[in-house]
Amino acid sequence: VLSIAFNTAARRNPDARRLVAGTPLYIYAVAMIFQALVFAPAAYAAWSRWNFDPQWMKEGWTTARGSINVDPMGEKKRIERVYLYALFGYMIKDMWIFRTDVLFFAHHLICLFGITAFFAIPAGIGAFVVGGTVLELGNFSYNIVLLAGKDSGKTVPAKVKHYAECLYATCMPLSNLIGAAMFVWFAGFPRLQGTPWVTGLGAAWFSLIAGREYVHLSRSVPYFVKHFKAKRALAKSNAEAAAVAAKL
């Protein structure tokens, strides 16, 4: 329902179907709406009900603070369920849109495996909600760099393009680092440590992070190498011009 509503709203813009990196503009708008206005607020709302107690991240579907045998379909787990439903639907939407892109499709298929597993996992629901949100915020920076980075149109000022590249180069690796650290912590939870849950989900989680970091480095390293070479060349040219002027 959220996907339909956001897609409908985003398509109303006359420029909605303009292609950016081969993808209609409205697709980026929908993704960023989900990342900023669904996933992040849902994670905040779920954790805030526990007054941001880190113990929330370790709980399973049938446990909550001071309670056991909690109904996983009840009120105490409502926001966590909504988060997973929204994330699952979001992935399905993208898989259909990008069904001919093998790498993108495989990435989202791994995501769906992980989301499905978290509907049954005995602990760590909150850790996934926060960790998944951290990764999605990294994706938010990727959407920004595609819209306003080095490959964007002539209407985007050069400074904006550079700032977008800087934002992505900072946020994506930071997102990946936090996501990796959270999984290491998650792997030590009492009901998960040494279980197949950690092995299977760890393989999926770190495969995703490795793929994200590969895309990040493939873009950011060449960009900043070129950027700093250009700055050095300009500085050298200015110094030479100054030296010539001083001799005159």
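Q: What is Tyr 83 in contact with, leaving aside its neighbours within four places in sequence?
A: This is a predicted model, to be clear. In it, Tyr 83 touches Phe 39, Ala 42, Ala 43, Phe 128, Val 129, Gly 132 and Thr 133, once those sequence neighbours are set aside.

Q: And which residues touch the most other members in the largest nonpolar core?
A: Tyr 83 is one of them, along with Phe 39, Leu 87, Phe 128 and Phe 186. That core has 51 residues.

Q: Which helices each supply at least two residues of it?
A: Helix H2 (25–48), helix H3 (78–97), helix H4 (102–117), H5, H6 and helix H7 (196–247) do. The largest share, ten residues, is from H2.

Q: How many residues are in the other core that lies apart from it?
A: Eight, and they include Tyr 28, Leu 146, Ala 164 and Met 172.

Q: OK, switching to Gly 149. Where is it found?
A: In the loop between helix H5 (125–148) and helix H6 (158–186).

Q: Is Gly 149 buried or exposed?
A: Gly 149 counts as buried, because its relative accessibility is 0% and the cut-off for buried is under 20%.

Q: What does Gly 149 contact, leaving aside its neighbours within four places in sequence?
A: Ile 144, Lys 161, Ala 164, Glu 165 and Arg 219. Ala 164 also turned up among the residues of the eight-residue core.

Q: New topic, pockets. How much space lies in the largest pocket?
A: About 800 Å³. It's lined by 30 residues, and Phe 104, His 107, His 108, Asn 139 and Tyr 142 lie nearest its centre.

Q: Which elements give two or more residues to that lining?
A: H2, H3, H4, H5, H6 and H7.

Q: What's the lining like by class?
A: There are 18 nonpolar, eight polar and four charged residues.

Q: Zooming out, how many helices and strands does the chain have?
A: Seven helices and two strands. From the N terminus, the order goes α-β-β-α-α-α-α-α-α.

Q: What does the C-alpha trace span along its principal axes?
A: About 85 × 40 × 35 Å. Of the 248 residues in the chain, 44% are buried.

Notes: Residues are numbered from 1 along each chain as its sequence is written. This is a predicted model: local features need pLDDT of at least 70, side-chain atom pairs count only at pLDDT 80 or more; totals for chains, interfaces and linings use all residues. Side-chain values use heavy atoms; hydrogens and water are left out. Helices (H or I, at least four residues) and strands (E, at least two) are DSSP runs, numbered from the N terminus. Buried means under 20% relative accessible area, exposed over 50%, partly exposed in between (1.4 Å probe, protein chains only). Contact means heavy atoms within 4.5 Å. A nonpolar core is a set of buried Ala, Val, Leu, Ile, Met, Phe, Trp, Tyr and Cys residues joined through side-chain atoms within 4.5 Å. On a 1 Å grid over the protein atoms alone, a cavity is a set of points where a 1.4 Å probe fits but cannot get out, and a pocket is an open set with protein on both sides within 12 Å along at least five of seven lines; lining residues have an atom within 4 Å of a point. Grid points are joined across faces, edges and corners, and a volume is the space filled by probe spheres set on the points. Ala, Val, Leu, Ile, Met, Phe, Trp, Tyr, Cys and Pro count as nonpolar, Asp, Glu, Lys and Arg as charged, and the others, Gly among them, as polar.
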